[in-house]
Amino acid sequence: MIRLLIYGKGDIYHTIKKLIDWERVIRVAFVDSYAPESTTECIDGEEEEVIPPSEISCRQYDYILCASIYEDEMRRTLRKLEVPEEKIISGKLDWENILEHSFLFNLSHVSVYQNGNIDRAVQAVRERNRFSDIRRGAEWIDEKLSITGDGAWAVGYDYLSVLCRVLQIMAPAHILEMGLGQSSKVIMSYQRHSGCSYKIIEQDEAWYNLFKKENLRLSAQAQVFVKPIKQIRHEAYGVHVNTYADISDVIADDTYDVISIDGPWGSDGISRVDILPYIPRCLKRSWCVLVDDYGRAGEKNMVYELEKILKEHTIRYRKKAYGTYHQLCLLTSEDNPFLCSLF
């Protein structure tokens, strides 16, 4: 068996672990640069040992796998500890690296992973083309305005497509958005055209200032409220949840035709719960709510709780999930069934 130390336990590791041939590899421990001493941590549902780099020399291992975007820093740390270069394996998932260390990886799993990447790339092109077509039909969007749906924190192209069609079809007069970003460019363009009321809640003042500087002509009419993140305990789900600071002054007694939710940062268990205490009071008679990142458990549970509230108030509604890899959920009043069959 190959004895492996894994340097890193975040997203990169959770991708790489699916490709390792665990029939030939045994995990000795995880290495964490910020661990003050050896400890245990629940990873993948099991208690695993996590050690600081200074304790590497006390472990019996064959290789150290750098499973992080900070691989360069990790390599510098390992060199200072005099770990032999031939014992350090890159976590980069390119074919050259994988073939060089084929003894570590299950190549059939790697092929499935690579095919999945190709499929995602093809799907992204399809979604971008669809948004381009829908955007051309929205004459209120400046054709020179850069709007992208493939940034790390941005909504996807399908979200932008659905949002465009919702604005075109519903012609909303009152819009609330949680999370300032690419979707805001679409709504701001619509606001300049329609004169609608538009409020945005954003967690990061530095990001708001940069966005405003780069989109001054667009953002002049929007009301932006910067509400820093805080954490609250959600007793029903037994987790801590990221929420905005008090938004009651923003919501007030207003009602909205369209609510777009892509903030604050997501949470485990249940996520982006800020709007729930105001449902259904904040909804107009004809309404639509969009929730980004519906592929994640936290957002799915939030939508589940939102639906429970609607049902408790006997409010009939329609629901549709859009997107393949980057999903969104649309909920709307029953008078807008066509919003559930946009593409």
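Biologist: Where in the secondary structure is the place of Ser-161?

Modeller: Ser-161 has its place in helix α5. Helices (H or I, at least four residues) and strands (E, at least two) are DSSP runs, numbered from the N terminus. The model is predicted, with local features needing pLDDT of at least 70, side-chain atom pairs counting only at pLDDT 80 or more, and totals for chains, interfaces and linings using all residues. Residues are numbered from 1 along each chain as its sequence is written, and side-chain values use heavy atoms, with hydrogens and water left out.

Ser-161 is buried, at a relative accessible area of 0%; buried means under 20% relative accessible area, exposed over 50%, and partly exposed in between (1.4 Å probe, protein chains only). Residues up to four places away in sequence aside, Ser-161 touches Glu-127, Arg-130, Phe-131, Ile-134 and Phe-343, where contact means heavy atoms within 4.5 Å.

Helix α5 covers residues 157-170 and lies across β7 (174-178), β12, β13, β14 and β15 (328-333). Its direction is at about 170° to β13; axes are lines fitted to C-alpha atoms, for helices over the stretch in contact, and angles run from 0 to 180 degrees between N-to-C directions.

These strands belong to an open sheet of seven, ordered β9-β8-β7-β12-β13-β15-β14, with mixed pairing. Two strands pair if DSSP finds at least two bridges between them. At the edges are β9 (223-226) and β14 (317-322), each of which pairs on one side only. From one strand to the next, the twist averages 15°.

Within this sheet, β7 is mostly covered, with four of its five residues buried. Strand β7 runs parallel to strand β8 (residues 197-202), joined to it by five bridges; Met-178 has Ile-201 as its bridge partner in β8. Strands β12 (residues 256-261) and β13 (residues 283-292) also pair in the parallel sense, over five bridges. There, Val-258 has Cys-288 in β13 as its bridge partner.

Strand β2 (residues 25-31) and strand β4 (residues 46-51) run parallel and are joined by two bridges, with Val-50 in β4 as the bridge partner of Phe-30.

A further buried residue is Ile-16, with 0% relative accessibility, which has its place in helix α1 (residues 11-16). Neighbours within four places in sequence aside, Ile-16 is in contact with Leu-65, Ala-67, Gly-91, Leu-93 and Phe-105. Ile-16 and Phe-105 are 89 residues apart along the chain, and their C-alpha atoms are separated by 9.0 Å.

For the chain as a whole, the secondary structure comes to 10 helices and 15 strands. Buried residues account for 49% of its 343 residues. Of the contacts between residues at least 6 apart in sequence, 59% join residues at least 24 apart. The C-alpha trace spans about 65 × 45 × 40 Å along its principal axes.
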